[in-house]
Amino acid sequence: MATMRRKNRMLLLGVGLSTASLLLTACGAGSSGDGGGSEAGAGEFSFLTNVENTTIPTELETLAGDQCKTAADAMPLKVDTVPQTNLDQQLQLLAGQDALPLQYAAGNAPALTKELAASGNVLDLEATLTDLGVLDQVEPAAIDTIKALYGGFNVLPYQYNVEGIWYNKQLFADNGIEVPQTWDDFVAAADTLDTSGVTPLSASGEQGWPLTRLISGYLFSDLGKDALQKVADGEAKLTDPEYVEAAAAVADLGQKGYFGEGVGSIDYDTAINQFLNGEAGMLYMGSWVLANFNDEAANQIGLDNIGFMPFPRVEGGAGIENQYAANVGLPMAISEKAYNEQAGEWLKCITENYGSSALANQGSISGFKVNEEVDVDPLTQTVQQTISDTSESVLWFEALFGTQATTASQTNAAPLVTGSMSPEQFMDTVQSALK
Amino acid sequence: MQSVLGDKKALVILLGPALLVYSLVMLVPIFWSMGYTFFSGNAISGFTFAGTDNLTRLFTDPEVRTALSFTVRYAVVITVGQIVMGYLLSLMYVFILKKSSNIIRTLVFFPVVLPTVAVALLFQKMFEIAPQNGLVNSLLNGVGIESVDWFGNASSAFWVIVLMDIWRSMGFYAVLLYAGLVDIPEDMLESARLDGATGWRLIRSIVLPLSMPVLLSSIIFSINGTLKVFDSIVALTNGGPGSSTTPLTLYMFRTSFAFGDYGYGSSIALLLTLLCLIVTIFIFRSSRRDLTKD
Amino acid sequence: MSTQVPARKAPLEAMQRQEPRRSRSRAGKRLAKLPVHLLIALLLVVELYPLLWLVLGSFKTQQEFLNDPVWSLPGSLNFDNYIEAWTTGNIAVFVANSLMATLPSLALIIVLGVAAGFALEVMVWKGRNGVLLIFLTGIMVPGQMILLPLFSAYFNAGLTGTLWPLIITYTATGLPLTVFMMATYFRAVPREVFEASTLDGASIIRSFLSIGFPMVRNAVFTVALVQFFFIWNDLLIALTFANNSDLSTIQVGLLNFTGQFGAVQYGPLFAAICINVFGTLAIYLFLNQRVMKGLAAGSVKG
């Protein structure tokens, strides 16, 4: 009897606890339930971005308290974040409810950005910035890159990156290597480094893209700037011999062991660290890596010791001189449906001030004009100079592909360079994922 | 008496809430998504009717074939591994460690508590080859074997996944099965022992039959969990190298949300559901038969 | 007298018979115990090393992670990573969110699931096998499939931006397994128990509350434990519905230590994992004790 009563009490206690916790949640949920990231609140400058990017939100918050105070008072900034891997899913879900925020990261692949634009979710910035009278505050090169990537001036150039090959000046000098001009020079340089016990090229096979960038670099240099546009338009196939040649050239680097061991499991940090501790002689990377180079604890080879060169020419190729690939980072679009006059105030202010503000506070190079004198280190200056000297740039391997082909390409890059997949198989896999 | 056990009002009170929540939150969305099987497109650009295109595509898509074969191989190997390891552990708890098993049980259970992200990181580091050799490669080097690029090819990556998932879940199944073994009445074991049954014979003739119900629910539970594996593979290999360790769930998720083809994604989910259904009905049938025999 | 003799003789004989066997088996046992001890030692190393590795990792700097071997010790015992994890990582908020999503769903799963399991296994009515099968389908359907319809349902119901979508979804996805397992456990309880109680005039709901629920209490703890770790470790549902950094659960929060282009802040990530792990470990030890107490109090079937 006694135990029975105790059991009943236990049960009651359990039920009571669960009711209490329900109430607790109700209160807790209520207090944080202010509409969240979904509804673009009328009076809010809502901004959905990937959690990995802290530069843009931080800088916008700085602007909100300074140059853009008027705009921010009328329409306070509200930042929401999602992990980048989940961004595409959230965009699908939010767009399906017509609930995209005012400003948002518009997808991991340009194909998704274009799809969003086609469904009327993306504001035409060319017309809007012209109306606001600030179109001249954006670097023309950045606008060109955006148009080539996204089919129109649809996203803001919060970043403007050039990609090329960074090299260790000391290691080059020690081994008597001149900065390679052609692909053959490049392979010879890698060979010299390899013989002297240095990993020639540091690359993250886990990420995949640092490897496929080499394929596209070769393609653009060999076949010309429109090499991949032709593939996207269906005029050429990746399985054509001249395309497979590029994959074979990169696979060959892997066969010779120029990426070091276990390239497939090298992650982004490791790749950069191998370059910065002097284990690797060269690194293909975009100019965003300057932030790592400027980290004195990480950079053991010294800032002065790093050089930057364009992608080597393939001899007899149809490519452009000084070939750099360019991009604007993860694209940030403005929702056409949520745009209004107050948002225009914000947009105008960002366009006028973001360039110098981001460079001064974060050392981040954007596609907005720098309107104030900013002190930067010599390497950043070199990169800035490179950007302003570059009139023509190329895209990256997957830029014009759909997400499916992008995934196929980036996940199979490591098998390609480790030799478990032949160049023909690789190109065939990517080609068949192209729709 | 029967009328009390069949009291309709009581039935509504006891079963109603669960059935209602379950139907609204799971069944309706399931049928809703099934409907998309006949459409192509996604929530951004809208859906268009596609007839049975998606279903026929299932049969010709080589990616589906790879994913299906991986899923089945994974489910079989992991289920066998989880159940066998879990059962051996639970036998050890009951018959060897007896009362002192508490601390061991807790320790072996411990990996279940770890977040998937942490377990995957651990295994990546243990099996890494670059920039330094991980623990496993160092041990191999110690006995004169060259380092292996574990995540570099499909079959070694598969075995690392297997090892990871068995490691993290065997303690869980051990506790689950232990609960079943403890319920076996001591006097039945004692009388069998007096009959001279010891060791394996005791286990085979008494313990195994008596723990059958909990063993069978563990198997159903395990096979359905492993057929739908998602988190641990995403965190460890993200389906690589290439797409060689991509299960159906990951392919479905990518197709629906990254590739923007929700209809085809739903078709892949349908395939997976059918697979689970067939396997479960098979096990369910055999478990029912076993119970009526008792 | 005649009955006394064998009564005296029997234990003696038994002793004589058992004595040599017992000593043999004791020596044998000691020998047999050796591999068992080795096995247990190995098991402990395999289970404990990662814990040690995690704790050590939480004190390492980024440079130590990238340049030193995996098993090296951290250079110093500083708590910078923990401070980093707690402040910029927002761990406290994530833990609170996880608790506020997990506990109510767990309570609902148990209350609804046990009642339904009882109704499906103990009560007598037409079509109960069919309903059980319907619940069973829920175990089989991949969770990825219900995300899109649920998202629009929650959105239109105005629940987006709260933790309710998580609680509701966790409850519904946890029910099938719970119902199924509880039905299995109720099957093990002799029907006569309930029939007797209804003969005494108790209503079925009363006999569920006073007899059914207490009888499967151990099973309830086991199921609760299982469901707790399912929900606590869930990433997919949390990522989909808690799409706002104020609502992130701990698992989603762990992804925050990844930077752009794939960079990872290992030290703070490990610190955050340690905070998470030791928190859950405490909950587990508490629950575990309850489960063990329940088991010691007498088993269901015995």
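Tutor: UniProt positions are given here in the numbering of this model, with shortened feature names, and annotations may be inferred rather than shown by experiment. The model is predicted: local features need pLDDT of at least 70, side-chain atom pairs count only at pLDDT 80 or more, and totals for chains, interfaces and linings use all residues. Residues are numbered from 1 along each chain as its sequence is written, while chains are lettered from A and ligands numbered from 1 in the order in which they are written.

Student: Which residues of chain C does UniProt list as "transmembrane region"?

Tutor: The unreviewed UniProt entry lists residues 31-56, 91-120, 132-155, 167-186, 207-232 and 266-287 of chain C.

Student: How do α5 and α7 of chain C cross?

Tutor: The axes of α5 (residues 128-140) and α7 (residues 164-188) of chain C come within 7 Å and cross at roughly 130°. Axes are lines fitted to C-alpha atoms, for helices over the stretch in contact, and angles run from 0 to 180 degrees between N-to-C directions. The helices α5(C) and α7(C) are therefore oblique, as angles under 35 degrees count as roughly parallel, over 145 as roughly antiparallel, 65 to 115 as roughly perpendicular and the rest as oblique.

Student: Which residues make the contact?

Tutor: Among them are Phe135(C) and Gly138(C) of α5(C), and Pro176(C) and Phe180(C) of α7(C). Two residues are in contact if their C-beta atoms, placed from the backbone, lie within 7 Å. By class, this contact of α5(C) with α7(C) has 10 nonpolar, one polar and no charged residues. Ala, Val, Leu, Ile, Met, Phe, Trp, Tyr, Cys and Pro count as nonpolar, Asp, Glu, Lys and Arg as charged, and the others, Gly among them, as polar.

Student: Changing topic, at what angle do α6 and α15 of chain A pack?

Tutor: Helix α6 (residues 125-132) and helix α15 (residues 341-362) of chain A pack at about 85°, with axes 10 Å apart, so α6(A) is roughly perpendicular to α15(A). Their contact includes Leu129(A) of α6(A) and Lys348(A) of α15(A).

Student: How many residues of chain B are in contact with chain C?

Tutor: There are 66 residues of chain B in contact with 79 residues of chain C. On the side of chain B that touches chain C, α2(B) gives the most, with 16 residues. That side divides into 47 nonpolar, 14 polar and five charged residues.

Key
Helices (H or I, at least four residues) and strands (E, at least two) are DSSP runs, numbered from the N terminus.
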